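Colleague: I'd like to learn how to read surface features in a model. Can you take me through them?

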Amino acid sequence: VAGNSGRVIAKYLELFLDPACYRAVEGGVDKAEELLAQKWDHIFFTGSSGIGRKIALKAAETLTSVTLELGGKSPCIVDETVDCPSVANRIAYGKFMNGGQICIAADYVVVHESRVKELISCLKTSLTNFYGADPSKSPEF
C-alpha cells in the first residue's frame with residue numbers, strides 16, 4: 001500500500017474497529033518478518049504473489065489461516081462500439097488514482113484496431129484534464 005494510503009487505513013481502523021481485534025501495521029520487509037514471527041489467529045495480505053508465497057509458508061509453520069489477495073493481471077478490453085472519451089476517462093482514473101496503487105487498475109489494454117489512435121488521443125486528453133500539462137506539478141497526482 002502506498003504510504004499515505006497506509007496511514008489513512010491505520011487511522012481509520014483504529015478509529016472504527018476494536019484495536020484488540022484488528023490492527024494495521026505499517027512498514028517494510030523488516031516489519032513484515034517481525035510480524036510473521038508472531039502467532040496470529042489469521043493473516044490477511046494483499047500484494048505480490050512472491051511475498052504472498054513467503055507469508056503462506058511462514059503461516060503454515062504454525063497452521064495459521066491466511067487470506068491472500070495477490071496481484072493478478074487486469075485487462076481492459078476496448079471494442080469498436082465504445083465511447084472513447086468515457087472509456088479513456090475511466091481507464092486513466094483507475095490507473096492513475098492513488099499513484100497507480102490500485103489492485104483493480106487496468107494492467108494492459110486490448111483495443112480494436114479501428115480505435116487505437118482515437119483511444120490514445122482520448123487518454124492523452126484525459127490525463128491532461130486530470131493532472132494538467134505537467135503531471136509532476138499536479139497536486140492531484
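Modeller: Start with Glu34. Glu34 is partly exposed, at 48% relative accessible area, because buried means under 20%, exposed over 50%, and partly exposed in between (1.4 Å probe, protein chains only). This is a predicted model: local features need pLDDT of at least 70, side-chain atom pairs count only at pLDDT 80 or more, and totals for chains, interfaces and linings use all residues. Residues are numbered from 1 along each chain as its sequence is written, and side-chain values use heavy atoms, with hydrogens and water left out.

Colleague: Which residue forms a salt bridge with Glu34?

Modeller: A salt bridge is a side-chain nitrogen of Lys or Arg within 4 Å of a carboxyl oxygen of Asp or Glu. For Glu34 the partner is Lys31, with the closest N and O atoms 3.9 Å apart. Both lie in helix H2, 3 residues apart, about one turn of the helix. Helices (H or I, at least four residues) are DSSP runs, numbered from the N terminus. Lys31 is partly exposed, at 29%.

Colleague: How many salt bridges does the structure hold?

Modeller: It holds 5. One of them joins Glu61 and Lys58, at 3.4 Å between the closest N and O atoms. These two sit in helix H3 (residues 49-61), again 3 residues apart. Glu61 is exposed at 59%, while Lys58 is partly exposed at 32%.

Colleague: And Arg115: buried or exposed?

Modeller: Buried, at 12% relative accessibility. Arg115 forms a salt bridge with Glu118, the closest N and O atoms being 2.8 Å apart. Glu118 is partly exposed, at 36%.
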